[in-house]
Amino acid sequence: PQPVDLYLGIDCSGSMPNPRYQLSFPVLAGTIMALSALRAGARVMVSLSGEPGEFSETDGFTRSETDLLKVLTGYLGTGFAFGIGRLKATFLSNKIPIERKTHILIITDSDIFSMLGQHSGWEIAEQALEKAGGGGTYVLHKVDTERPDVARMQKQGWSVYGLTEWESLIRFAREFSRKRYGDGKNEK
């Protein structure tokens with residue numbers, strides 16, 4: 001069976017580490033997951049988002065390691081959160097062909113709740129998850145996973161992984177990659 005494609009959305013707002021000057025665990029974890037997906041034969045789309053402000057993303061879903069790493073190692077430092085509108089542009093606008101089931105994974109912090117509360121964000125997240133068809137995960141840094149907004153995410157069908165330290169994101173990336181994409185021995 002074909003592996004699900006991966007949409008990797010990374011918060012690249014001013015509160016996130018700049019990989020040019022310090023170790024960025026979101027970038028490192030994103031690299032682990034993106035390369036694991038490629039090795040398994042999946043396509044990957046990466047979106048860095050610091051909104052309102054800017055975003056940078058691959059030209060749709062790709063199998064190009066170079067294109068993925070070029071975006072992953074960038075930095076924006078704008079806005080306050082991952083822009084949930086990126087999901088609308090990718091999954092709901094029909095501008096990017098969604099040819100296979102896709103897992104949506106978003107790495108962010110508590111500012112995502114403000115973003116979800118604006119411009120129909122909750123509805124966009126739910127509709128994108130449904131359209132992607134391959135599940136979705138929020139990885140939330142320093143977020144109380146008992147808060148009602150987390151329960152709302154889960155009710156929509158999202159898996160939610162809370163972490164207190166960025167370092168634990170690497171363990172998450174390894175476990176996610178192993179579960180979703182195996183050991184990489186079936187490289188295509």
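Where is the place of Ser120? Ser120 sits in the loop between H4 and H5, where helices (H or I, at least four residues) and strands (E, at least two) are DSSP runs, numbered from the N terminus. Before going further, a word on the model: it is predicted, so to speak of a local feature takes pLDDT of at least 70, side-chain atom pairs count only at pLDDT 80 or more, and totals for chains, interfaces and linings use all residues. Residues are numbered from 1 along each chain as its sequence is written, and side-chain values use heavy atoms, with hydrogens and water left out.

Ser120 has a positive phi of about 60 degrees although it is not a glycine. With a relative accessible area of 47%, Ser120 is partly exposed; buried means under 20% relative accessible area, exposed over 50%, and partly exposed in between (1.4 Å probe, protein chains only). His119 is found in the loop between helix H4 (112-116) and helix H5 (121-132). Its phi, near 50 degrees, is also a positive value in a residue other than glycine. His119 has a relative accessible area of 69%, so it counts as exposed.

Now for the helix packing. Two packed helices are described by the angle between their axes and the distance between the axes. In this model, axes are lines fitted to C-alpha atoms, for helices over the stretch in contact, and angles run from 0 to 180 degrees between N-to-C directions. Take helix H1 (residues 25-40) and helix H7 (residues 168-181): they pack at an angle of about 15 degrees, with their axes 9 Å apart. That makes H1 roughly parallel to H7, given that angles under 35 degrees count as roughly parallel, over 145 as roughly antiparallel, 65 to 115 as roughly perpendicular and the rest as oblique. On the H1 side, the residues in contact (heavy atoms within 4.5 Å) include Phe25, Leu28, Ile32 and Met33, while H7 brings in, among them, Leu169, Ile170, Phe172 and Tyr181. The residues of this contact of H1 with H7 divide into 14 nonpolar, 2 polar and 1 charged.

The contact is made by Val27, Gly30, Thr31, Ala34, Leu35 and Leu38 of H1, together with Glu65, Leu68, Leu69 and Leu72 of H2. Its residues divide into 7 nonpolar, 2 polar and 1 charged.

Tyr181, already met in the contact of H7 with H1, deserves a look of its own. Tyr181 lies in helix H7 and is buried, with a relative accessible area of 6%. Leaving out residues up to four places away in sequence, Tyr181 touches Pro3, Val4, Asp5, Leu6, Ser36, Ala37, Ala40, Ala42 and Phe176. The side chain of Tyr181 reaches the backbone oxygen of Val4 at 3.1 Å. By contrast, the C-alpha atoms of Tyr181 and Asp149, 32 residues apart along the chain, are separated by 29 Å.

Two threonines come next. Thr108 is found in strand S4 and, at 0% relative accessibility, counts as buried. A polar contact of 3.0 Å joins the side chains of Thr108 and Asp11; such a contact is a pair of N or O atoms within 3.5 Å, where within protein one must be able to donate a hydrogen and the other to accept it, and residues adjacent in sequence count only if both atoms are side-chain atoms. Beyond four places in sequence, Thr108 touches Asp11, Phe82, Val139, Leu140, His141 and Trp166. Thr90, for its part, is found in helix H3 and is buried at 0% relative accessibility. Not counting residues up to four places away in sequence, Thr90 touches Tyr7, Met45, Phe61, Ile96 and Ile98.

Last stop: Asn94, in the loop between helix H3 (85-92) and strand S4 (102-109). Asn94 is exposed, with a relative accessible area of 61%, and its side chain makes a polar contact with the side chain of Lys131 (3.0 Å).

Terms used:
Ala, Val, Leu, Ile, Met, Phe, Trp, Tyr, Cys and Pro count as nonpolar, Asp, Glu, Lys and Arg as charged, and the others, Gly among them, as polar.
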